[in-house]
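Please consult the sequence and the model shown below.

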Amino acid sequence: MTAKSEVGSGAAQSSMKFPLLGRKPDGHLVDYEPNGTGGVKAGVDMGGGFGDATAIIQANVSAGGSGNDLYYRMNDKLYYTAERGNDTKLVGGGWDIYSLLVSVGNMGGSAQPDLIARDAAGAIWLYQGRADGLWETRIRIGSGGWNGMDRLAGRGDFTGDGKPDLIARSTDGTLYIYPGTGNAVADSALGSRVTVGKGWDAYVLLVSTGDSDGDGKTDLIASDKAGALWLFKGTGNPSAPFAPRVQIGTGGWGGFNTLF
């Protein structure tokens, strides 16, 4: 699995294309590479052992930003493994204080992709990535209220300003975009949210794999309750950020408990 992209500025990152990964209840990971038009190729079983992971994400850290690496949490410990490496690295303990973890691309303006974590009090924290797979000291970017969100997604620019943004769905089914400012400063990394619309509780899982269809704009993927998979092509227009949905998977996607 390989990220297809230029690496560097936020604008370059908005055109990055990543594989879609899914975890089955038996702990197996399946890799779906992009087909170049917004859909995915046939899945490849990557093996098991991830059934006990309470969080799992991918981030392009190794190989100068072209490797699709994994972070996963077992109990309170977070681990990192590079796509082309054989070793798994312990990032650290205490990660069970977070109820959601999501990779959001280079939101803080550094050269590496970052991580957003939500704590039990409803605050969210930004961890800027390092080339060794570890993180800089966390920065609070949301002081509270984030327990009202049940899904977070990212990995690209949805508003057209060249800066990675954060997607959030509230428990009432409303989808929001929180524009990234590019500033890794306490409570200043996100701008005023933009309401995308209601009805997004029709979808079970939400994930971004970057620019899925190769048009230079970041897209969103969703699985519905019937097990179908849908692509929402990004427009780059914050007032209407997604084109009408396109079905890219007819069934079976309900067999995954995580897409990332």
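## Strand pairing

Met74 has Lys77 in β6 as its bridge partner. Strand β6 (residues 77-81) and β5 pair in the antiparallel sense over 5 bridges; two strands are taken to pair if DSSP finds at least two bridges between them. Strands here are DSSP runs (E, at least two residues), numbered from the N terminus. The model is predicted: local features need pLDDT of at least 70 and side-chain atom pairs count only at pLDDT 80 or more, while totals for chains, interfaces and linings use all residues. Residues are numbered from 1 along each chain as its sequence is written, and side-chain values use heavy atoms, with hydrogens and water left out.

Both strands belong to an open sheet of 4 strands in the order β4-β5-β6-β7, with antiparallel pairing. At the edges stand β4 (55-59) and β7 (88-92), each with a single partner strand, so one side of each lacks a neighbour in the sheet. On average, neighbouring strands of this sheet are turned by 25° against each other, direction ignored (axes are lines fitted to C-alpha atoms; angles run from 0 to 180 degrees between N-to-C directions).

## Asp69

Asp69 is placed in strand β5 (residues 69-74). Its relative accessible area is 0%, so Asp69 is buried (buried means under 20% relative accessible area, exposed over 50%, partly exposed in between; 1.4 Å probe, protein chains only).

A polar atom of the Asp69 side chain lies 2.7 Å from the backbone nitrogen of Ser62. The side chains of Asp69 and Tyr80 are joined by a polar contact of 3.1 Å (a pair of N or O atoms within 3.5 Å; within protein, one must be able to donate a hydrogen and the other to accept it, and residues adjacent in sequence count only if both atoms are side-chain atoms).

## Aromatic pairs

Rings of Phe, Tyr and Trp (its six-membered ring) pair if their centres lie within 6.5 Å; planes under 30 degrees apart count as stacked, over 60 as edge-to-face and the rest as tilted. By this rule there are 19 aromatic pairs. Tyr71 and Tyr80 have ring centres 4.9 Å apart and planes at 40°, so this pair is tilted. Both Tyr71 and Tyr80 are buried. Ring pairs link Tyr71, Tyr80, Trp95, Tyr98, Tyr127 and Trp135 into a cluster.

The rings of Trp146 and Tyr178 have centres 4.6 Å apart and planes at 45°, so that pair is also tilted. Trp146 lies in the loop between β11 (139-142) and β12 (149-153) and Tyr178 in strand β14 (residues 175-178), so the pair ties together parts 32 residues apart in sequence.
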